[in-house]
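My notes follow in the order I took them.

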Amino acid sequence: MLMEVQRTAVVKLSIPDERHDDLKRTMNTFRDATQRFADRGWAGDDDGYVITSRSRLQPLVYDTIRDNTGLHADLTVAAVNHAVAALDGCVEKMKDGKRTSRPVFTSNTAVYNTNAVSYFDGYCTLAAYGSGRVHAEYVYPEDSPQADYMEGDEWTKQGAKLRYDRQSDTYYLHVSIKQEYDELPAEAESRTVLGVDRNVDGYLAVTSTGAFVGNADLLNHKRREYERRRARLQQQGTRNAHLTIQSIGDTFADWSEDFLHQASKWLVEEAVAHDCSVIAVEKLSGIRERISNASKFQQWAFNELLRQVRYKAKAVGIIVETVNPAYTSQRCSDTECGFTQEDNRDGDEFCCQKCGKKLHSDYNAARNISHKFIQNWRTSGSGGATHHLALKSGILNGNGGYTPATTGG
Ligand SMILES: [Zn+2]
């Protein structure tokens with residue numbers, strides 16, 4: 001079976017001083033063009049329906065927008081696509097009975113399809129205003145994941161998004177890359193298990209490979225900020241205040257969805273990077289008590305993250321399994337130890353009272369979740385497969401054997 005794994009490589013760019021203005025103008029115009037396409041689509045067709053198809057929207061205003069702006073043809077096409085995707089999102093929300101409003105583009109982002117960007121060793125060229133394409137050097141250490149993504153043969157580079165960070169006055173290229181496998185990332189009979197510990201504060205998720213994913217505190221902070229603003233506006237009670245409430249509600253909903261999508265994407269990428277074929281998480285029935293004091297929003301985020309991990313994992317042939325969470329936070333995950341006691345854990349810190357092993361308590365829990373999954377599998381005797389536990393320092397298989405990681409991963 002042919003499997004495909006997709007990722008996004010984020011690469012810092014160095015732009016020649018004399019081309020900064022050309023690139024800035026290109027991005028601003030891209031945003032304006034996208035807005036104009038979206039406005040036309042939002043205005044609707046003859047029957048009053050929002051237009052969400054590119055082939056219907058493009059002929060209506062493409063020539064006008066291109067003549068008025070002089071934007072590169074491929075960027076103009078990308079702007080239509082960008083607008084259509086946003087309109088489609090609005091219509092989906094309407095279908096769900098949710099409130100929605102005209103898409104407004106404010107971010108410093110331009111979408112480059114493969115005709116508008118070319119990749120070379122160490123640099124790329126970007127379509128822009130001014131004299132010819134902009135030559136942008138990649139900025140990263142020689143030995144870095146970005147260097148592997150951009151210069152190795154393993155990854156196929158597709159389109160990209162160019163983003164401008166105002167604070168640091170820096171351009172970043174977010175390149176979509178993909179890799180194809182002939183079979184599952186890990187052989188079916190040697191399945192590697194990625195343990196994931198989820199939380200409602202601190203980190204959203206911590207993996208048995210030592211990846212700390214998503215700042216849950218930031219998510220909670222943003223939620224409180226939104227709730228405070230909403231409460232203030234509700235007190236005003238004017239029609240304007242009501243409209244603002246709708247708008248900030250939509251903005252926050254979009255932001256938190258994006259935030260969780262980023263986190264779920266990272267988790268699945270972590271599983272792929274370690275050749276895992278199973279992601280093990282705690283069973284909800286066991287943790288309901290632990291998160292019962294969390295706000296409705298935190299509980300929603302907790303569940304939404306898993307829902308997203310499930311479908312993203314499925315897309316790359318990875319299955320998600322659950323284990324009973326009992327003692328996963330109290331047990332020492334050291335392969336030689338396994339001592340279980342309540343005192344082992346003190347907040348974020350885990351310190352084994354028997355062997356003295358110290359590690360982040362969520363990381364310890366994630367390792368125990370993988371361990372538990374493997375134990376369950378061994379005692380149930382299901383299948384003839386050997387499960388492996390994906391650990392930061394190597395691989396522990398279901399029989400207790402240990403293979404050190406060759407890449408130091
Ligand atoms: Zn221990």
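**Zinc site**

I looked up the geometry first: the site of the zinc ion is tetrahedral, with angles of 107 to 113° among its four donor atoms. Four donors count as tetrahedral if all angles lie between 85 and 135 degrees. The ideal angle for four tetrahedral donors is 109.5 degrees.

This is a predicted model, where local features need pLDDT of at least 70, side-chain atom pairs count only at pLDDT 80 or more, and totals for chains, interfaces and linings use all residues. Residues are numbered from 1 along each chain as its sequence is written, and side-chain values use heavy atoms, with hydrogens and water left out.

Which atoms coordinate the zinc ion? I found the SG atoms of Cys332, Cys337, Cys352 and Cys355, at 2.3 to 2.4 Å. Donors here are N, O and S atoms within 2.8 Å of the metal (3.2 Å for Na, K and Ca); water is not among the atoms, so sites may look incomplete. Along the chain, the donors have the spacing C-x4-C-x14-C-x2-C.

**Cysteines**

I checked accessibility next. Buried means under 20% relative accessible area, exposed over 50%, and partly exposed in between (1.4 Å probe, protein chains only). Cys352 counts as buried because its relative accessibility is 3%. Cys337 has 24%, so it is partly exposed. Cys355 is also partly exposed, at 40%. Away from these entries, I noted Cys90, which is buried at 8%.

I also searched the whole structure for disulfides (pairs of cysteine sulfur atoms within 2.5 Å). The search finds zero.

**Strands**

Helices (H or I, at least four residues) and strands (E, at least two) are DSSP runs, numbered from the N terminus. Two strands pair if DSSP finds at least two bridges between them.

S3 (residues 117-120) pairs with S4 (residues 123-126) in the antiparallel sense, over four bridges. Val117 has Leu126 in S4 as its bridge partner. The hairpin of S3 and S4 has two residues between the strands, and Gly122 takes a positive phi near 90° there.

S4 is also joined to S5 (residues 134-139) by four bridges, and the two run antiparallel. Thr125 stands opposite His135 in S5.

**Helix H1**

Just after H1, Gly44 takes a positive phi of about 95°.

Thr26 is found in H1. Thr26 is buried, because its relative accessible area is 1%.

Key:
Tetrahedral: all angles 85-135°; square planar, octahedral: opposite > 155°, others 65-115°.
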